[in-house]
Amino acid sequence: MNSKGEGKERSGLKRSTPLRRTGFVRRGAGFRRRQALGSQAVSQTPLQPAPPPDEAPPPSAGLTGECDRDPTGGGATSTLEASVDIRKLTAAQAQRVYSRSEVFAVLREVFGLDEFRPGQPEVLRSLLGREPTIAVLPTGAGKSLCYQLPALLFEGTSIVISPLIALMRDQVRALEERGIPAASLDSNQSWEERQAAEEAFASGRLKLLYVSPERLSAPRFLELVNRVSVPFVAVDEAHCVMRWGHDFRPAYMEIPPFLETVRPPFLAAFTATATPELREELGAALNMPQPSVFVRGFHRPNLHLATERMDSDPARLKRLVELVRERPGSAPALVYGGTRKGCEAAAKALFEAGLSADYYHAGCTPEERSRAQERFIRDEVDALVATNAFGMGIDKPDIRLLVHLHLPKSFEDYYQEFGRAGRDGQQSQAILLWRRADYRTNDYLISQWNGEGAVDQDVIEGGKRRLHRIYEAMGSRVCIWQRVLQYFGDPKAEALGEDCASCSRCTEPRTPAQELTGDQLVIAQTVLYGAEELDGRFGRKKVAATLRGSRAQGVPTWPECHGGLGNVALVVIEELIQNLLDAGHLILEGSEYPLLNLTPRGRQALDGAEPVAVLWPQAASTTGKARSKKSRGRSRGPGAGNSNGASGARPTDSGPTDSGPSDAKPGDVRPEDAELEDALRGWRRRTAGSLAMPAYMVLTDRSLEAVVDSRPGSAEELLAIHGIGPSKLEKHGAELLRLVGEFA
Ligand SMILES: [Zn+2]
């Protein structure tokens, strides 16, 4: 965020000199003290000096370092051995240094592994050097080993603060199986369990103690901590400390005062998702002076990302059934269904198609949830449809198909969720089936956050900004991985360029951009003209609404371009704006509320000095198809779906051309949504008033928005809308259809 912070991060990165050069060994006379492993725990498992000699290159290619570091720091000399270590040793003579063979011995003997995963060595080196460390390691990168391994080497009991009781218990069980004394303290324990854990901790026998953040302020716990030697504290899922974050955990606010009280020698914070801004704020929030920051590359080439834009919810479910049925491997598909209702509907659709599926959300009983989880883990179902309540702490390595049935609220959610596929490194797919309407649903859900507790307006604004970022990216045709990496500030984003080989936009044949002529050119130029006239003062939606001729609130009616594309469907205008953005004729400026403007190239195209070579909107042909189906047998000349809309640059020009947007029937051409929505809300308010009942009982927001979105033209179509049953249809159906007809 500020240059100072960036410098801090960079200096941290610089320290992550590849292990191949420096190893864990502090070379030089007297620096290395060969000692028996001090820890009682580890000494239970006899550790031989490891076969790979210190001087030999380590066995893993990963050790060359996959974490980002200052690109200028890759020179031939290592500053680490010379300066940093001497300073450290003189400052703290008592601190011992660990040789690479000691480290590899623990890796092999305790964890049964021969090599590190990419990104781990740098983080380990920082921790073993007792540096305050922030590690951003994507899900599946082997985060826990990064704090467990140093904890085994250090004297004393290291503390891990984790938000997830289930995860803590799993880790404790796994450590115990490896012969490592570990325990957890959490609120779900019986009195006896807690007593036993506290005793073990007080005796100094434990190597690792997992605590939930809620325990940190308990006087009893603080008293114990002061009696035990704690070499370091690791905070897992550290981003939960950020008040504005979507994963904010109020108990995480206990962490800074706790650290202040116990003053551990150093702190390590781990998170799977952190934008550059967040990394900086994280250090500040946890009072970490000058942390070393490590960012493991976010690209996972074994995960193929795909997005498919769907026209309706039924279409989305139909596609889901196909995907689940044809999924590779034997593991169930993991499906993120958005809302609880969405999950249940998707599970039902799968079931009706002859597939077995469970759903999992916060509304299920604990028994239902654990049964669904068990069946999923044991491959007993074809799919599990879950809300984001499912996943943290699930470490199923072989999920081959992950489907998002809705647009995630942020890249953080998207990444965290699709990251659960292919953890074993095998080829896996993550497919996002999204609708433009998802944006509105999410926007509404975010605006309701303050109903769930005291949430600042800033938090809601932040949530909406993040939603906007992912929505923009999904509408674009640029490489999905590139957009993801750009978002997380991963410098590899640019290198991925236009061919990541692991996303649908790079691997599927692209429709080449075409040089527009005739009516299409007129329409495109009208869009460019609108952008020029509005001159970077409005966002893309407002520009589209202006061109379409909307009179909704906030849409400027003064410009000459107002209504210039009155006969072209709004979806077509919006998609064309996107395509013109992708082609570099338009640009969005400003990151918070991006404003649409013309680029120099766009100006050339507007002046006719350069051809307009863009993809013609798919929506144009979709609306065309829909129409031709309805107006059965109507003949369509070659390219009619494309070269149409045509004269639509002026509303009055719409002649009798056989062309999509301009002559489409009411159901096909969607006028400004906001107008219909306003009218529906007004009607709902009046109806609720006259019936003396709350508005949502007349029609929920979701149903209302579905009406706007799907524009039902008949009783049957109304009945297909979520929340509208026979009784609602009888009471309000006629009014709803009348209103929809009025704004068609
Ligand atoms: Zn790509």
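Which helices do the buried residues of helix 30 pack against? In this predicted model, local features need pLDDT of at least 70 and side-chain atom pairs count only at pLDDT 80 or more, while totals for chains, interfaces and linings use all residues. Residues are numbered from 1 along each chain as its sequence is written.

Helix 30 spans residues 701-710; helices (H or I, at least four residues) and strands (E, at least two) are DSSP runs, numbered from the N terminus. Seven of its ten residues are buried, meaning that 20 or more other C-beta atoms, placed from the backbone, lie within 10 Å of the residue's own. Those are Ser703, Leu704, Glu705, Ala706, Val707, Val708 and Asp709. As for the opening question, they pack against helix 17 (437-447), helix 28 (673-691) and helix 32 (726-742), with contact taken as C-beta atoms, placed from the backbone, within 7 Å. Just after helix 30, Arg711 takes a positive phi of about 45°.

Now for strand 13 (residues 428-434), where seven of seven residues are buried. Side chains in a regular strand alternate between the two faces of the sheet. Here, Ser428, Ala430, Leu432 and Trp434 point one way, and Gln429, Ile431 and Leu433 the other.

Strand 13 pairs in the parallel sense with strand 8 (residues 303-309) over seven bridges, pairing being called when DSSP finds at least two bridges between two strands. Ser428 is the bridge partner of Leu303. Strand 12 (residues 401-404) also pairs with strand 13 in the parallel sense, over four bridges, and there Leu401 has Gln429 as its bridge partner.

Methods: A residue is buried if 20 or more other C-beta atoms lie within 10 Å of its own, exposed if 12 or fewer, and partly exposed in between; C-beta atoms are placed from the backbone. Two residues are in contact if their C-beta atoms, placed from the backbone, lie within 7 Å.
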